[in-house]
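I opened this notebook to record what I looked up in one structure. The entries follow the order in which I took up each topic.

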Amino acid sequence: MYNLRLLGQLRGVAPASSLRWLASHHKRRPQPASLPPDRLEELRTNLFERREQLSGVEWQEVRQSLIDGYKHINGHNVDAVILGVCGGPGKLSLAKNYVEFLHSLGSAPNAASWGRLLRVYHAASLERTLTSAEQSEILKICDSLRGEHETLDATSCEHLIHGLVATKDEWRSALPLLEMMKVTSAPSIAAYSALVEKAFTEESLEEQEENLLSWRLLEEMALERKPPKCEVYLSLINRLAREPALLPAQLQRLLHFLERHEILVSQRVVEGLQELAQQLPHQLEVTSTHLGTLGHCRNCQQHLQPVAISEEEFRRLSECFLERVLIRRDIFQRSTPEEVTRFKKYVEQTAPYDCVIDGLNVAYSTGTKKTPQQLAKLVATVVRHFRQQNKRVLVLGREHMRNWSKQAMHYVQSNASLFLTNNLSHDDPFLLYATLKSGLETDFFSRDLMRSHAFHLGTELKPIFRRWQQQHQFSLITQTQTGRIIVKEPIRYRLSTHRVGNTWHLPFCETYTQHPTESFEVPSNWLCLKLKEEVPEITKPKKRKS
């Protein structure tokens with residue numbers, strides 16, 4: 001337990017109130033997990049951030065209080081917890097002071113604690129260049145950990161990667177660790193980002209594209225659906241600020257990368273681009289903008305590109321869909337080959353359609369606590385919406401819908417083709433197949449984002465599918481009290497980074513997220529960017545086979 005002197009330092013209050021504070025925290029014992037953020041913050045802000053080092057007695061009291069105060073902290077993991085709290089960029093001296101304390105006790109940090117210390121070295125390297133002695137200390141720790149274990153777990157590999165990229169000359173030795181991570185799991189965003197950030201800072205960007213580690217790893221991240229952290233893009237932007245001759249080719253390469261993978265950068269990255277334009281106004285012009293109706297840029301007065309795909313792209317998408325999505329083992333777990341054959345024959349006989357409706361998705365889109373009569377009436381209302389436009393409609397549903405309101409279902413059958421699948425079947429593959437089979441102009445009606453189906457099409461066809469989906473997907477927003485439906489219509493212009501003439505338009509979000517939304521909502525914020533020195537079109541990397 002903390003003594004009164006240390007408690008006074010930690011809380012900055014009288015000893016009596018410190019005891020009451022500590023007692024209240026001992027009552028709230030957390031479940032096995034991480035320390036509560038507020039308790040960690042107390043330790044960090046009120047003690048660690050004020051000190052470069054602690055005495056042996058103070059470290060012992062900190063250590064013992066954590067072991068006594070939390071069920072999930074014990075003598076084996078307490079050192080890693082403490083070094084984790086010392087994780088700020090200016091806390092390297094304090095973290096090393098704790099390791100010295102451990103050595104004074106005749107013990108040494110375990111692998112997890114050494115890993116935490118490497119992260120502290122990495123944090124320090126982001127603020128300043130580490131000394132030769134500090135870099136030697138990193139290499140000694142890494143050599144020791146690798147010498148003890150022929151194969152390291154993914155977490156240890158990630159710690160070592162962060163340590164090695166903090167060095168000037170040995171950062172490339174982190175690459176085998178990235179490959180080692182792939183043995184047990186996909187490398188993390190943090191591991192990838194640390195390496196790419198370092199590569200953008202150190203490697204020669206004048207080399208041919210296929211030789212550049214930074215771009216190769218960045219492409220690998222995107223294909224693994226791991227959005228690079230802001231620091232990755234900022235490291236490239238900072239490099240271009242230091243070496244303006246690299247700007248035309250490298251910035252254009254970045255823009256093509258964002259376009260190819262439909263990635264939204266964050267406000268932090270946008271601010272970096274704006275600062276770069278201010279520093280190099282003769283090379284780059286960057287303006288924040290908003291879109292008017294129909295994708296009209298209020299800055300350059302141009303309209304964004306249409307989202308439509310070509311007839312050749314549609315042909316490839318249609319041909320591959322049956323093989324990669326409709327006929328998959330997991331589809332037949334919920335359906336049967338006989339049902340798929342029956343459906344295909346039905347489509348051959350009744351297609352083409354102007355719109356294919358997911359009946360069950362529509363029925364439950366305004367809530368699941370509806371009577372069968374209300375569900376059927378909503379489906380009928382959506383069918384009526386398209387029939388009033390003289391559209392030929394197919395409604396997909398399930399067998400139990402036969403028990404819904406006979407009057408509403410009679411209207412559906414009289415005004416649309418109706419195909420009901422087994423109650424356990426997945427509707428989406430049938431919906432997409434019928435839509436694609438009907439031709440390039442056919443739309444579909446569903447609120448489903450179709451993420452898994454886009455994924456199974458592979459990296460080459462996924463962006464084509466997404467553009468086709470954006471152009472042709474309708475969905476129900478709500479139904480008013482009078483029974484009128486409000487329908488969300490497709491957005492016909494591109495919502496990702498792309499070029500119009502010699503001007504690029506970049507959508508961006510406020511903050512970085514590892515799980516960006518895949519909905520077709522128009523981003524609120526855009527950049528209008530113009531490179532003033534044109535360079536030849538770069539060769540795009542070969543796409544991997546799916």
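**Entry 1**

In which loop does Asn390 lie? I noted first that the model is a predicted one. I found Asn390 in the loop between α20 and β4, the latter spanning 393-398. I looked up Asn390 for its backbone: phi is positive, about 60 degrees, although the residue is not a glycine. I then checked its accessibility, and Asn390 is exposed, with a relative accessible area of 65%.

I located Leu294 in the loop between β2 (284-289) and α16 (311-326). Leu294 has a relative accessible area of 70% and therefore counts as exposed, the cut-off being over 50%.

**Entry 2. A cis peptide bond**

I looked up the peptide bond from Ala351 to Pro352 and found it to be cis, with omega near 5 degrees. Pro352 sits in the loop that runs between α18 (337-350) and β3 (355-358).

**Entry 3. The chain as a whole**

I counted 24 helices and 11 strands in the chain. Of its 546 residues, 50% count as buried. I also took the contacts with a separation of 6 or more: residues 24 or more positions apart account for 71% of them.

**Entry 4. Nonpolar cores**

The largest nonpolar core has 92 residues. Within this core, Phe48, Trp59, Ile82, Ile161, Leu251 and Phe257 touch the most other members.

I followed Phe257 further. With neighbours within four places in sequence left aside, Phe257 is in contact with Trp215, Leu218, Glu219, Ala222, Tyr233 and Ile263.

**Entry 5. Aromatic pairs**

I found both Phe386 and Phe474 to be buried.

I noted one aromatic cluster as well, formed by Phe343, Tyr346, Phe419, Phe430 and Tyr433.

**Entry 6. The second largest pocket**

Which residues lie nearest the centre of the second largest pocket? I read off His122, Ser125, Leu126, Val165 and Glu197, from a lining of 33 residues. Two or more lining residues come from each of α5 (78-85), α7 (111-125), α11 (189-202) and α13 (230-242). The largest share, 7 residues, is from α11.

I sorted the lining of this pocket by class and recorded 10 nonpolar, 12 polar and 11 charged residues. The space in the second largest pocket comes to about 830 Å³.

Conventions. Residues are numbered from 1 along each chain as its sequence is written. This is a predicted model: local features need pLDDT of at least 70, side-chain atom pairs count only at pLDDT 80 or more; totals for chains, interfaces and linings use all residues. Side-chain values use heavy atoms; hydrogens and water are left out. A nonpolar core is a set of buried Ala, Val, Leu, Ile, Met, Phe, Trp, Tyr and Cys residues joined through side-chain atoms within 4.5 Å. Buried means under 20% relative accessible area, exposed over 50%, partly exposed in between (1.4 Å probe, protein chains only). Contact means heavy atoms within 4.5 Å. On a 1 Å grid over the protein atoms alone, a cavity is a set of points where a 1.4 Å probe fits but cannot get out, and a pocket is an open set with protein on both sides within 12 Å along at least five of seven lines; lining residues have an atom within 4 Å of a point. Grid points are joined across faces, edges and corners, and a volume is the space filled by probe spheres set on the points. Helices (H or I, at least four residues) and strands (E, at least two) are DSSP runs, numbered from the N terminus. Ala, Val, Leu, Ile, Met, Phe, Trp, Tyr, Cys and Pro count as nonpolar, Asp, Glu, Lys and Arg as charged, and the others, Gly among them, as polar. Rings of Phe, Tyr and Trp (its six-membered ring) pair if their centres lie within 6.5 Å; planes under 30 degrees apart count as stacked, over 60 as edge-to-face and the rest as tilted.
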